[in-house]
Amino acid sequence: MKTLREALADADARQAAIGHFNISEFGALKGIMDGARELSAAHGGDKLPILIGVSEGEREFLGVKEAAAMVRAMRDMFDYPVYINADHTHSIDKVREVAEAGFDEIIFDASKLPFEENLAQTKEAVALARSINPAIVIEGEIGYIGSSSEIVSERPQESMKYSTPDEAARFVRETGVDVLAPAVGNMHGLLKSMVTGEDHKKLDIALIGEIKKAIGGAGCRFMTLHGGSGTADEDFVAAAKNGMTIIHVSSELRLAWRQGMERSLKDQPDEIAPYKLLGPSVEHIKNIVSGRLRLFNGI
Ligand SMILES: [Zn+2]
């Protein structure tokens, strides 16, 4: 089994992106695994690597060790390259907790702070995480793109400020992160107009290419697109081709979970077996994951 670092290098060489999907409970994990495994089987059996993300809130609900154990069980049982990421980790104490629990990746996110402070705190997080597990992949974030995977009516104003190649290069050089998350037109959550598919997020593809080049010169090879939900299909394809190595999708899965559950409760008003009620949500998540992985992997 490849390590996450090897899987990232491999995706980078293929100009593809690893799909990153968040979970709150086991049904979503099941849907994500089914979508990834079925698509891989349909494409010659090459197992497409995926990341399972758990934010601080999701970890609080699931349990840090429980989440790590669930993903590890999937990896072993299906012999599948599935890795676990501590999504948006805001404190040094929580960095220690997830590094000790055996997470494959940590995103240390101090992007809400002024640039210099973000840089100093991220540097500290990198040193701590590596002292616990030298193999861990650590990501830092610059530029604010909104904070939560929700449905909002307006774009957060701060998310209109894009990252520059210069600040990206300086940030990776001084912090030593393995992966950079820049602001390039992406944002967390979905706008109301995106729920129905009438509106899409538009990315600055040229800027993605420029930042990729700038960080490469500063010794950092990988880049993550956060807030991928609701992005136009052609922008997903172009983002992977132009340097994004990981693409996050969370809000779309949350919406699918909710819509599946609403349909279930409506169609089966007397049903009380949770595994039966969860069926449509799992199916809906599976279809989104396989559709997104097609775009991220150019298949
Ligand atoms: Zn994010």
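Residues are numbered from 1 along each chain as its sequence is written, and side-chain values use heavy atoms, with hydrogens and water left out. Because the model is predicted, local features need pLDDT of at least 70 and side-chain atom pairs count only at pLDDT 80 or more, whereas totals for chains, interfaces and linings use all residues.

**View 1. A salt bridge joins Asp178 and Arg130.** The structure holds 15 salt bridges, a salt bridge being a side-chain nitrogen of Lys or Arg within 4 Å of a carboxyl oxygen of Asp or Glu. In the pair shown here, the closest N and O atoms of Asp178 and Arg130 are 3.2 Å apart. Asp178 lies in the loop between α7 (165-175) and β7 (179-181), while Arg130 belongs to helix α6 (residues 115-132), so the pair ties together parts that are 48 residues apart in sequence. Helices (H or I, at least four residues) and strands (E, at least two) are DSSP runs, numbered from the N terminus. Asp178 counts as buried at 12% relative accessibility, whereas Arg130, at 27%, counts as partly exposed; buried means under 20% relative accessible area, exposed over 50%, and partly exposed in between, with a 1.4 Å probe and protein chains only.

View 2. Arg258 is exposed, with a relative accessible area of 53%, while Glu262, at 40%, is partly exposed.

**View 3. Three histidines coordinate the zinc ion.** The donor atoms (N, O and S atoms within 2.8 Å of the metal, or 3.2 Å for Na, K and Ca; water is not among the atoms, so sites may look incomplete) are NE2 of His88, NE2 of His188 and ND1 of His226, at 2.0 to 2.1 Å. In sequence the donor residues are spaced H-x99-H-x37-H. His188 lies in the loop between β7 and β8 (190-191) and His226 in the loop between β9 (222-225) and α10 (233-241), so the pair ties together parts that are 38 residues apart in sequence. Both His188 and His226 are buried.
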